[in-house]
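Dear colleague,

Please find below the structure I am handing over to you. My notes on what was found in it follow.

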Amino acid sequence: MSKKYVFRYEGTKKMFLDQFNWSNGYFNDKARYKYINDYILKLINDEIHFGVERGGHSGGYWYIPIITEFDDHIEFEGEIKYVGSNGDNKSIRICDKLWEGILFIILLPIICIYKLYEFVRILLKKPIDKGRSTEDKLFDLMINHLGCTKV
């Protein structure tokens, strides 16, 4: 079961959406997109999705909340989900898997050397920087960039 995240924004949904200049963002016939540093906001009709982290060539991790409106604030409640590409063509997916296999074979020596390097660092008790987690990135986006508070 995925973990639920709840955030609160002091204001109305209209106030929240109006703080972004959607006309300067990218849009297509289905959605509007707005970039904030390393993050993406996606507006589909009146529903908003928050792109938190890239997840490969054509997918990523998105915070997809249900927005509940109150008199003086709104709350976002949802989970972080991986959303892949919408490729329905089976032959394209087979070719992609074939290229991934070839690329893996080519990169296998580099991966082995890197894993050996990590093993030596562990033996020498030197920490390995893993970077920020997807959850940390969600908190950064919602709190530091969008002015929400964690509930």
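Is Glu-79 buried or exposed in this predicted model? Glu-79 counts as buried, because its relative accessibility is 18% and the cut-off for buried is under 20%.

**Salt bridges**

A search of the whole structure finds eight salt bridges. Glu-79 takes part in one of them, with Lys-4 as its partner and 3.9 Å between the closest N and O atoms. This pair links distant parts of the chain: Lys-4 lies in the segment before β1, Glu-79 belongs to strand β7 (residues 74-83), and the two are 75 residues apart. Lys-4 is partly exposed, at 47% relative accessibility.

Arg-132 and Asp-140 form another salt bridge, in which the closest N and O atoms are 3.5 Å apart. Here Arg-132 is partly exposed, with a relative accessible area of 43%, whereas Asp-140 is buried at 16%.

A further salt bridge joins the side chains of Lys-14 and Asp-18, at 2.7 Å from N to O. Because these residues are four apart in helix α1 (residues 13-18), about one helical turn separates them. Lys-14 is exposed, with 57% relative accessibility.

Strand β5 (residues 47-54) runs antiparallel to strand β4 (residues 39-44), and five bridges join the two. Their hairpin has two residues between the strands, and Asn-45 takes a positive phi near 55° there. Strand β5 is also joined to strand β6 (residues 60-69) by four bridges, again in an antiparallel arrangement. Gly-51 in β5 stands opposite Ile-40, and its bridge partner in β6 is Trp-62.

With a relative accessible area of 11%, His-49 is buried. Its side chain makes a polar contact of 2.5 Å with the side chain of Glu-47. Leaving aside residues up to four places away in sequence, His-49 touches several others, including Ile-40, Ile-44, Trp-62 and Tyr-63.

**Cysteines**

The structure holds zero disulfides. Cys-148 is buried, at 3% relative accessibility, while Cys-112 is partly exposed, at 45%.

**Confidence**

The protein has an average pLDDT of 84, and 89% of the residues score at least 70. Confidence is highest in strand β1 (residues 5-9), at a mean of 94, and lowest in strand β2 (residues 26-27), at 70. Where pLDDT is low, the predicted coordinates should not be read in detail.

Yours sincerely

Methods
Residues are numbered from 1 along each chain as its sequence is written. This is a predicted model: local features need pLDDT of at least 70, side-chain atom pairs count only at pLDDT 80 or more; totals for chains, interfaces and linings use all residues. Side-chain values use heavy atoms; hydrogens and water are left out. Buried means under 20% relative accessible area, exposed over 50%, partly exposed in between (1.4 Å probe, protein chains only). A polar contact is a pair of N or O atoms within 3.5 Å; within protein, one must be able to donate a hydrogen and the other to accept it, and residues adjacent in sequence count only if both atoms are side-chain atoms. Contact means heavy atoms within 4.5 Å. A disulfide is a pair of cysteine sulfur atoms within 2.5 Å. pLDDT is the predictor's confidence in each residue, from 0 to 100. Two strands pair if DSSP finds at least two bridges between them. A salt bridge is a side-chain nitrogen of Lys or Arg within 4 Å of a carboxyl oxygen of Asp or Glu.
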